[in-house]
There are 2 protein chains.
Amino acid sequence: MVSMKDISAVCGVSVATVSKALNDQNDIGKETKRRIRQVAEEMGYFPNTAAKTLKTNRSYNVGVLFNHEDYSGLTHDYYAFVLDSLKNTVEQKGYDITFVNTSKRRLGGTSYLEHCKSRGFDGIAIVCTDFYSPEILQLVRSGIPAVTLDHLFNNVCAVMSNNVQGMQDLLTYVYRKGHRRVAYIHGADSAVTQSRLSSFYRTAGQLGLTIPDEYVRMSPYRDTKIAYRETMYLLDLDEPPTCILYPDDFAAFGGFNAIHERGLRVPGDISVAGYDGIRIARHIEPTLTTLRQDTTELGRQVGEKLISLIEHPKTTLVETIVVEGHVFEGNSVAEIGGEE
Amino acid sequence: MVSMKDISAVCGVSVATVSKALNDQNDIGKETKRRIRQVAEEMGYFPNTAAKTLKTNRSYNVGVLFNHEDYSGLTHDYYAFVLDSLKNTVEQKGYDITFVNTSKRRLGGTSYLEHCKSRGFDGIAIVCTDFYSPEILQLVRSGIPAVTLDHLFNNVCAVMSNNVQGMQDLLTYVYRKGHRRVAYIHGADSAVTQSRLSSFYRTAGQLGLTIPDEYVRMSPYRDTKIAYRETMYLLDLDEPPTCILYPDDFAAFGGFNAIHERGLRVPGDISVAGYDGIRIARHIEPTLTTLRQDTTELGRQVGEKLISLIEHPKTTLVETIVVEGHVFEGNSVAEIGGEE
DNA sequence: ATTGAGAAGGTAAACGATTAAGTAAATACG
DNA sequence: CGTATTTACTTAATCGTTTACCTTCTCAAT
């Protein structure tokens, strides 16, 4: 690999001059700078990141925390799309993305924080992990610029999908379609679930809907089996709902299966709505009505906030950025007569 | 950040001694080593990766080339699962994963190779990209340890899903189910497509199936719209097939839509099979019969080969590792009477 | 002529590690 | 006992950059 030293030898100047020329400093003669840059180009020079990082304490590398447990992580459409957008955003600004090592190994089991400091990440995007683990707490408290997705910490920037508005929009949508008996199978406990659930109740109240207790069920995210079971439960009620909301699109497919097995049709006999807006949901019939989250925007916001935090730590607001989703109108929710 | 210098000061030894103690060299007194390691632990020491990389030319970091174009990349189940498995594999061996920057920017637009050298990657996994671009050629010729997925270069290690065997198994499977009029909508041109297509013809020959020309159609991977159109074409033939094979599961859903729109049922009226084995295909009814690729194994093999190449360059075979898939038996392929 | 400023470039230390080579003391050996 | 070997360290160079601080030169102003 050709280094500044090689260039300096060819150009007959000192290494310092080469450094200055390549970094476009201005205590260098115009002509000298031009010559050095040209030679560098010809020799195929590019900087040694390790050396640069060592000297400047800037790695132009951000860590992404992506814990793959419970079938989440990379293999979840939602996170994959967010990551993809995040990647594009930071790459455009000259940063690279490295995964924070989650299979802790090495001597003594390095913690997330140690790994991050060791690698010298300029910042960390905490996208998908167990936010309640002490390791994460240690990480966000460390002072390394960090942005979380869909989780709020004190004094840490966060980007959140607007689950309150989202659930409100979705429920209002099915209400307008004439549904008065709406059930909600919500996901396992988390901040996201809490937001959606309370928004569900509040919106129901505002719309004058009464939600019987047995209409609110729980099924873990992305679990078609339990969603299937809970759907069966709802279908077997004396007064079954006319529409069921699911924790996510994946779970909604579990619902489909139960419904079809009972010999019922979507949306003819019962309506269904998901949440997330995964791609496949738009490609199978009936297309799934769902609250589509704006993953591109989410990823972009995480990236921009993180870079801003890195480059302008003093002037960057510690805030929570809320990204709106919108109802994707498939044909899984029927228009029905209205009052029961 | 606490450095070796800090430790050496506390322990009253030289930095060199600290380095040796921490690296478990043996020209160090037992007791001294113990003391140094203990102090290091207490002071919360961890190595500065940049310094280590600079000095040793080993980054313990591998680059992953993941080009997101044409809706592929991260957001494709197949690649996402492979990446996930690759990530776990290399992390367990003490390596981190960084994406090779694909949104080339920086001064003068750095090439993949320049980026890799600049970052000092110990190796590169080329997972998902345009294998015919000159940049990629430059990369694999550079001498940096590299492993490709599903593409063969001269003298480069490759991990390939066995598309020949896969297609043979799949076609044989539908044949055994009694199908004699089998259509194949294949994907856009690529090495993978070639393998499957020739295997399709060869297997058909072996089974004594005649495949009319109009039974072989093309639709890009993961394109539900064109798959829909081509399915319509097939259904409208005077003698439509009894079973249609698709380029991938996603495309198969496009086929479902066309079939349903014609008022036909899967598998009652016509059978359908996909390729890949994406998760969702197992969760909707009818569950899709497909050739499930072993993404976990693919990722693991890429990772292990790459690390082996890095750590034992002399003794590691340059070879092509073939990973077998297997037919996932859903209920989208009907058992039918047999001879037409 | 003297002074001073600004431009252009050089010197050398530093970042945090690794490692070849050197040294002093302890131990072994004949 | 003298020499050779081993053990346990230390010294110092080095990886490729950056950067604070010099030095030299030119030229304008006084």
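Predicted model: local features only at pLDDT ≥ 70, side-chain atom pairs only at ≥ 80, totals over all residues.
Let's start at DNA strand C. The most comes from α4(B), which gives five residues to the surface near DNA strand C. By class, that surface holds twelve nonpolar, nine polar and five charged residues.

Next, turn to where the two chains meet. Here 47 residues of chain B are in contact with 47 residues of chain A. On the chain B side, two or more residues come from each of α4, α5 (77-92), β2 (96-99), α6 (112-119) and α11 (249-261). Among these, α5(B) gives the most, with eight residues. The chain B side that touches chain A is made up of 21 polar, 16 nonpolar and ten charged residues.

Finally, have a look at a sheet in chain A. This open sheet has six strands in the order β7-β6-β8-β9-β10-β12, and its pairing is mixed. At its edges sit β7 (216-218) and β12 (326-328) of chain A, each pairing on one side only. Neighbouring strands of the sheet are turned by 20° against each other on average, direction ignored. To see one pairing in detail, follow β9 (271-276) and β10 (289-292) of chain A, which run in the parallel sense over four bridges. There, A:Gly274 stands opposite A:Thr290 of β10(A).

Note on methods: Residues numbered from 1 in each chain as written. Chains lettered and ligands numbered in written order. Nonpolar A, V, L, I, M, F, W, Y, C, P; charged D, E, K, R; others polar. Contact = placed C-beta atoms within 7 Å. Pairing = 2+ DSSP bridges. Axes fitted to C-alpha atoms, helices over the stretch in contact; angles between N-to-C directions.
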